[in-house]
Amino acid sequence: MQDLSLQYAPMQRSEKGACVELAVHSFADYEYFTNYFPEESQRIEFLRRAIGSEYSTTLGKAHFLCAYHNQKLVAVAQLFHPEYRKPSSFRYLTHGWVRVLTLPNRDAVNAWMKMDEEAGSYCHSLMHEGKWYLSSLTVDTHHKGCGIGTMMLKEGIRKYVLDHGGTELCLFTNSESNLQFYQHQGYQLVDEKQFHYNGKTMGSWSLTKKL
């Protein structure tokens, strides 16, 4: 993609379905999910239900920032502000999480939920006094490698957080290549964990950056 330029705007309710699908396919090969759901069709169904519930549950509480190129949706970020509080289990259940719990591989679902909570715990602990949490950043699979993730961080997300009173951003990743990417963008490693499941070990790194 030449002369890359992006436009940014908060996600509209009518865009939620498209944003969920973008995230599903962006995460399809991410070891955060492949380690727990190695069979592709089961993994895609889990992602679709889990991300759909997450977006529905946190809509109006979290911030969703979309990026567009030539009016086409190419990326979406989910951001938590310092005053964000995780919705109740009941709210999750009534906004679609019950469909996740009815998936056949319940042991894997439970193990993933436990891992997910622990992986994000350090970033959640940092959310105060202007510190925001970038819960997810997903780029359309057809546009990966074009610099969209970099532009989202440097332009869209940075300006959005600063405009809303934020001063620092934290995030975590479970991919060594993503770790190197964020460190190249100036993020500092502040916490490291390991998770073991089904004979596989996965790293988890939390990073922060002052904006």
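A polar contact is a pair of N or O atoms within 3.5 Å, one of which must be able to donate a hydrogen and the other to accept it within protein. In this predicted model, His 69 has a side-chain polar atom 2.9 Å from the backbone oxygen of Ser 5.

**His 69**

- His 69 belongs to strand β2, which runs over residues 63-69.
- The relative accessibility of His 69 is 11%, so this residue counts as buried, the cut-off being under 20%.
- A further polar contact, at 3.3 Å, joins the side chains of His 69 and Asn 70.

- Helix α3 is largely enclosed by the rest of the structure, because 14 of its 19 residues are buried.
- After α3 comes Gly 60, which has a positive phi, near 90°.

**Packing of α3 against α4**

- The axes of α3 and helix α4 (residues 89-101) are 8 Å apart and meet at an angle of about 175°.
- The two helices are therefore roughly antiparallel, since the angle is over 145 degrees.
- On the α3 side, the residues in contact include Phe 46, Arg 49, Ala 50 and Ser 53; on the α4 side, they include Tyr 92, His 95, Trp 97 and Val 100.
- By class, the contact between α3 and α4 comprises five nonpolar, six polar and five charged residues.

Notes. Residues are numbered from 1 along each chain as its sequence is written. This is a predicted model: local features need pLDDT of at least 70, side-chain atom pairs count only at pLDDT 80 or more; totals for chains, interfaces and linings use all residues. Side-chain values use heavy atoms; hydrogens and water are left out. Helices (H or I, at least four residues) and strands (E, at least two) are DSSP runs, numbered from the N terminus. Buried means under 20% relative accessible area, exposed over 50%, partly exposed in between (1.4 Å probe, protein chains only). Axes are lines fitted to C-alpha atoms, for helices over the stretch in contact, and angles run from 0 to 180 degrees between N-to-C directions. Angles under 35 degrees count as roughly parallel, over 145 as roughly antiparallel, 65 to 115 as roughly perpendicular and the rest as oblique. Contact means heavy atoms within 4.5 Å. Ala, Val, Leu, Ile, Met, Phe, Trp, Tyr, Cys and Pro count as nonpolar, Asp, Glu, Lys and Arg as charged, and the others, Gly among them, as polar.
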